[in-house]
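This report describes one structure for a reader who has not seen it before. Please look at the sequence and the model first.

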Amino acid sequence: MTREPNFDELIGDEATGAERERLLQAHELLLQAGPPAELPPELRRAPSMEVPRIEQRRKAKRRVLLLLAATLTVVAVFFAGYAVSGQRGTKSVSPSPAQVISLRGTHLAPRARATLEVSRAQGRNLPMRLSVVGLRKLPPHVYYDVYLVRNGRVEPWGLCGSFVVDAPRRVLTLKFNAPYGHEKGDSWVVTRPGRSSDEPGKTVLRPVAA
Amino acid sequence: MRKNKGDMELALEVPQPRLRAVPADAATPPVDPSEVSDADLLARVGEHDREAFEILYGRYVRPVFSLALRRLGDRGHAEDAVQEAFAAIWRSASTYRPERGAAGGWLYTVARNAIVDRLRRNGPASDSELPDLASSEAGPAEQAEDSYVSWRVHRALEELPPREREVIELAYWSGLSQSEVADYLGLPLGTVKTRTRSGLARLADQLEGETL
């Protein structure tokens, strides 16, 4: 087995010159490389590649599960935030209200306090949230109103919504909408009905002077 | 002198890939699988073409196994490394870019990486397990060069017609003289010499540019 092949014996004298040089180089490369390994029977057939396919399926399944878990987490966080926000007395209409106005009771409702959070305009709508406490309960079919104050005047057309109070000591949180565009200096008050139901009544809550 | 085939240490029967019969278009003659380039096969393997993978496997399994055995020094580990190397080829063939180099070089790199990964997973090995690395004769660069030359030569051998490959392997690694090869194969001495010369010429063509 250790006998090295003799180039001249292999080739004879038929090849000469450049061709002989070429063959000699191939001969020397064969000697340098040594024999290829004998292939074991297990390797005679190409592997099925089922394992990689299974791995791919597993990876795909893993990706789907991760995606599902991420989605569930986002949904859970969303609802948790929503619930917490609701439990805390619904402090804001949106994550960042455009304007927060503190209201204080007038002599007609000296214990009343309120916060009005006005969201960014959505078109010509101004969503807002009122949190109020300390207003007394009114007779049936009599309501508190939220009105716009523009240029220092309570605008009769600026009704944003009405509400009733059942428990004066409990914080009441309500959503309203002002169906008009916001202007600089706009503010809002809470009134109780006057003699005519078509116009603002007496102010019970007004903005705290800055 | 005639030897029993069971006594031979060389693998003379190289598995040929089985190809599925594909209905040939009347206008386009069927393509001989041996004429399909490695680069084309890799492109098809990149699309998970099983048939192309089998052809590529047939061409490269012995070079990959030889390289693995040379580096790992253990047949079991080498077999595992071959499986891992071809799994890596199957997975990453789509990343091969012909403009960046020959397919053979790319395959060598993927196979070598799989073997090195296997070597690392096996942990520190004894000298007996790493005959190449333990050698004090050649540094890493020379070893790498030797490995690549062996890879190229073994790959080129796979391209020879079986009857030429047979006489070359017997002549170089069985220890038989030309007369003994002729006797073993039951062929005239002249035929053995012709096939040997023809085989060497083909190898020279394929290994052109390879230096010692």
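## Two crossing helices

Helix α2 (residues 17-33) of chain A and α9(B) have axes that come within 8 Å and cross at roughly 85°. That angle makes α2(A) roughly perpendicular to α9(B), a term for angles of 65 to 115 degrees. Axes here are lines fitted to C-alpha atoms, for helices over the stretch in contact, with angles from 0 to 180 degrees between N-to-C directions. Helices (H or I, at least four residues) and strands (E, at least two) are DSSP runs, numbered from the N terminus.

On the α2(A) side, R22(A), L23(A), Q25(A), A26(A) and H27(A) meet L200(B), A201(B), L203(B) and A204(B) of α9(B). By class, this contact has six nonpolar, two polar and one charged residues. Ala, Val, Leu, Ile, Met, Phe, Trp, Tyr, Cys and Pro count as nonpolar, Asp, Glu, Lys and Arg as charged, and the others, Gly among them, as polar.

## Basis of the model

The model is predicted: local features need pLDDT of at least 70, side-chain atom pairs count only at pLDDT 80 or more, and totals for chains, interfaces and linings use all residues. Residues are numbered from 1 along each chain as its sequence is written, while chains are lettered from A and ligands numbered from 1 in the order in which they are written.

## The contact between the chains

Chain B gives 41 residues to the contact and chain A gives 35 residues, where two residues are in contact if their C-beta atoms, placed from the backbone, lie within 7 Å. On the side of chain B that touches chain A, two or more residues come from each of α2 (50-72), α3 (75-92), α6 (140-159), α7 (162-173) and α9 (189-206) of chain B. The most come from α2(B), with nine residues. That side of chain B divides into 25 nonpolar, seven polar and nine charged residues.

## Chain A and its strand β4

Chain A has three helices and eight strands, in the order α-α-α-β-β-β-β-β-β-β-β from the N terminus. Strand β4 (residues 144-150) of chain A has five of its seven residues buried, so it is largely enclosed by the rest of the structure. Buried means that 20 or more other C-beta atoms lie within 10 Å of the residue's own, with C-beta atoms placed from the backbone.

β4(A) runs antiparallel to strand β5 (residues 153-163) of chain A, joined by six bridges; strands pair if DSSP finds at least two bridges between them. Y147(A) has L159(A) in β5(A) as its bridge partner. With strand β7 (residues 187-192) of chain A, β4(A) forms five bridges, also in the antiparallel sense, and V146(A) stands opposite V190(A) in β7(A).

Note on methods. A residue is buried if 20 or more other C-beta atoms lie within 10 Å of its own, exposed if 12 or fewer, and partly exposed in between; C-beta atoms are placed from the backbone. Angles under 35 degrees count as roughly parallel, over 145 as roughly antiparallel, 65 to 115 as roughly perpendicular and the rest as oblique.
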